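Student: Could you walk me through this structure, one feature at a time? I would like the general idea and then the case at hand.

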Amino acid sequence: MNTENLRLVIADWATLQKDAQAIRYEVFVIEQKIPAELEWDAADAECLHAVAYDVNGRAVGTGRLLPDAHIGRMAVLATARGLGVGAQILRALMKEAKARGEVAVRLNAQQSAENFYLKEGYIRDGEIFEEAGIPHVSMIYHFA
């Protein structure tokens, strides 16, 4: 997959729900075995969502920006991992946060993805904790 040809769409939940939910279901529920009821989140309707589409129009990654400047529900399909999809989604959401005047953004990263976020300029902001049976770490990025 050529990530230079990714198309990012940033919109509300009503617009992106079908594609974002399908990605999250595949990654979190099927792959990571997180109970489906833990993946559902009423906050989705309040968030700004991003979905990345490959050159064939297939949704391959998603993330969201909450009203409190928290980035969450980052998920990339296994076939698109390691290609920069997650980084493009993350940077787009960070750009949106900065444009609306945020001074920092936070996220809770699965510990296995901590190095990815460190490379993007985030720093650890707390101890490791369990969420849905998976080790996570709180991280923060301060805009310059």
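What follows is a guided reading of a predicted model.

Student: Let's begin with the sheet. How many strands form it, and in what order?

Tutor: The general idea comes first: strands of a sheet pair through backbone hydrogen bonds, either parallel or antiparallel. Here, 7 strands make an open sheet with mixed pairing, and the order is 1-2-3-4-5-7-6. Strand 1 (7–11) and strand 6 (123–131) are the edge strands, each pairing on one side only. On average, and ignoring direction, neighbouring strands of this sheet are turned by 20° against each other.

Student: Which way do strand 5 and strand 7 run, and how many bridges join them?

Tutor: Strand 5 and strand 7 run antiparallel, joined by 7 bridges.

Student: What span should helix 3 have, and what does the model give?

Tutor: Count 1.5 Å a residue: the 15 residues of helix 3 should span 21 Å. The end C-alpha atoms of helix 3 are 21 Å apart, so the model agrees with that expectation. Buried residues in helix 3 include Val 85, Ile 89, Leu 90, Leu 93, Met 94 and Ala 97. After helix 3 comes Gly 101, with a positive phi near 95°.

Student: Let's go inside. Which residues of the largest nonpolar core touch the most other members?

Tutor: That core has 38 residues, and the ones touching the most other members are Ile 71, Val 85, Leu 90, Val 105, Leu 107, Tyr 117 and Tyr 122. Helix 1 (13–31), strand 2 (48–53), strand 3 (59–65), strand 4 (70–76), helix 3 (85–99), strand 5 (104–110) and strand 7 (134–142) each supply at least two residues of this core.

Student: What does Tyr 117 touch, not counting residues up to four places away in sequence?

Tutor: On that count, Tyr 117 touches Met 74, Leu 90, Leu 107, Ala 109, Tyr 122 and Met 139.

Student: Now the charged side chains. How many salt bridges does the structure hold?

Tutor: The structure holds 11 salt bridges. For each one, ask what it connects and how accessible its partners are. Take Arg 24 and Asp 44, whose side chains meet at 2.8 Å, N to O. This pair links distant parts of the chain, 20 residues apart: Arg 24 is in helix 1, and Asp 44 is in the loop between helix 2 (36–39) and strand 2.

Student: Are Arg 24 and Asp 44 buried or exposed?

Tutor: The cut-off for buried is under 20% relative accessible area. Arg 24 is at 1%, so it is buried. Asp 44 is at 3%, so it counts as buried as well.

Student: Where do Arg 81 and Glu 31 lie?

Tutor: Their side chains meet in a salt bridge at 2.9 Å, N to O. Arg 81 lies in the loop between strand 4 and helix 3 and Glu 31 in helix 1, so the pair ties together parts 50 residues apart in sequence. Arg 81 is partly exposed at 36%, and Glu 31 is partly exposed at 38%.

Student: Which residue forms a salt bridge with Glu 114?

Tutor: Arg 124 does, with the closest N and O atoms 2.8 Å apart. Glu 114 lies in helix 4 (residues 114–119) and Arg 124 in strand 6, so this pair ties together parts that are 10 residues apart in sequence. Glu 114 counts as buried at 12%, whereas Arg 124 is partly exposed at 37%. Some salt bridges share partners: Arg 24, Glu 39, Asp 41, Asp 44, Arg 64 and Arg 73 are joined into one network in this way.

Student: Last one: what is the phi of Ala 132 in the hairpin of strand 6 and strand 7?

Tutor: Ala 132 takes a positive phi near 55°, in a hairpin with 2 residues between the strands. Strand 6 and strand 7 pair in the antiparallel sense over 6 bridges, and Glu 131 stands opposite Ile 134 in strand 7.

Terms used: Residues are numbered from 1 along each chain as its sequence is written. This is a predicted model: local features need pLDDT of at least 70, side-chain atom pairs count only at pLDDT 80 or more; totals for chains, interfaces and linings use all residues. Side-chain values use heavy atoms; hydrogens and water are left out. A nonpolar core is a set of buried Ala, Val, Leu, Ile, Met, Phe, Trp, Tyr and Cys residues joined through side-chain atoms within 4.5 Å. Buried means under 20% relative accessible area, exposed over 50%, partly exposed in between (1.4 Å probe, protein chains only). Helices (H or I, at least four residues) and strands (E, at least two) are DSSP runs, numbered from the N terminus. Contact means heavy atoms within 4.5 Å. The expected span of a helix is 1.5 Å times one less than its number of residues. Two strands pair if DSSP finds at least two bridges between them. Axes are lines fitted to C-alpha atoms, for helices over the stretch in contact, and angles run from 0 to 180 degrees between N-to-C directions. A salt bridge is a side-chain nitrogen of Lys or Arg within 4 Å of a carboxyl oxygen of Asp or Glu.
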